[in-house]
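Here are my notes on the side-chain contacts and the pocket. Please read them with the model open.

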Amino acid sequence: MRQHKTLSSPWINNGETVDTEYTLITLEEEYQEGRKWLIGPFLAANSSRYSQLIEIGYTDLQKVDENDRLHFHSHAEEYYVLLSGQMRIRVGSEEIDVEAGHILLIRPNVAHVILEVQQGTRILLIKVPPGGTDKTVVDDTGREKGDGDT
């Protein structure tokens, strides 16, 4: 059940009127409807879930995303909030086991990739500041792909 309260005085965001004081989102319903990213700048500016300040996603991982590669974000911090299950993630040169109830903060410019997940692992992923264009794929040594590699 998604709820929001309408403001008596709407505010203007990038030329669009936003008229919500708050938005209440039910994670399970959003997941069932196929939404992974719940809040962020990628939504319409007049959406009750639009924000320029943060990205929040929710997923039920069944397996490692085979398309994900070792990468870093040049500006964003990423917070992995494990709601259930467990996963193993490479952060820099370390492999870290993260379990339900843990929050893992990965700083900008630190290479990382999820290596293993227990089926049914549920994660709330938070990126601050948001920005889908600051992801850089690197090789196993942490060098950017294409830096003299053939």
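1. Terms and basis. A salt bridge here is a side-chain nitrogen of Lys or Arg within 4 Å of a carboxyl oxygen of Asp or Glu. By that rule the structure holds 10 salt bridges. This is a predicted model, in which local features need pLDDT of at least 70 and side-chain atom pairs count only at pLDDT 80 or more, while totals for chains, interfaces and linings use all residues. Residues are numbered from 1 along each chain as its sequence is written, and side-chain values use heavy atoms, with hydrogens and water left out.

2. Glu-30 and Arg-35. These two form a salt bridge, with the closest N and O atoms 3.1 Å apart. Glu-30 is buried at 2% relative accessibility. Arg-35 is partly exposed at 26%. Buried means under 20% relative accessible area, exposed means over 50%, and partly exposed lies in between (1.4 Å probe, protein chains only).

3. Lys-135 and Asp-68. A salt bridge joins their side chains at 3.5 Å, N to O. Lys-135 lies in strand S12 (residues 135-137), and Asp-68 lies in the loop between strand S4 (55-61) and strand S5 (71-73), so the pair ties together parts 67 residues apart in sequence. Helices (H or I, at least four residues) and strands (E, at least two) are DSSP runs, numbered from the N terminus. Lys-135 is partly exposed, with a relative accessible area of 44%.

4. Glu-77 and Arg-107. Their side chains meet in a salt bridge at 2.6 Å, N to O. Glu-77 sits in strand S6 (residues 77-84), and Arg-107 in the loop between strand S9 (103-106) and strand S10 (112-117), so this pair ties together parts 30 residues apart in sequence. Glu-77 is buried, with a relative accessible area of 18%. Arg-107 counts as partly exposed at 47%. There is also a network: salt bridges that share partners join Glu-30, Glu-33, Arg-35 and Arg-49.

5. Aromatic pairs. Rings of Phe, Tyr and Trp (its six-membered ring) pair if their centres lie within 6.5 Å; planes under 30 degrees apart are stacked, over 60 edge-to-face, and the rest tilted. The structure holds 2 such pairs. Tyr-31 and Tyr-58 have ring centres 6.1 Å apart and planes at 85 degrees, so the pair is edge-to-face. It links distant parts of the chain: Tyr-31 is in helix H1 (residues 27-32) and Tyr-58 in strand S4, 27 residues apart. Tyr-31 is partly exposed at 27%, whereas Tyr-58 is buried at 5%. For Trp-37 and Phe-42, the centres are 6.2 Å apart and the planes at 65 degrees, so this pair is edge-to-face. Trp-37 is partly exposed at 26%, and Phe-42 is partly exposed at 41%.

6. Charge over a ring. The charged end of Arg-122 sits over the ring of Tyr-31, 5.8 Å from its centre. The test is NZ of Lys or CZ of Arg within 6 Å of the ring centre and within 35 degrees of the ring normal.

7. Pocket lining by strand. Which strand supplies the largest share of the lining of the largest pocket? S4 does, with 5 residues. S4, S5, S6, S10 and strand S11 (121-128) each supply at least two lining residues.
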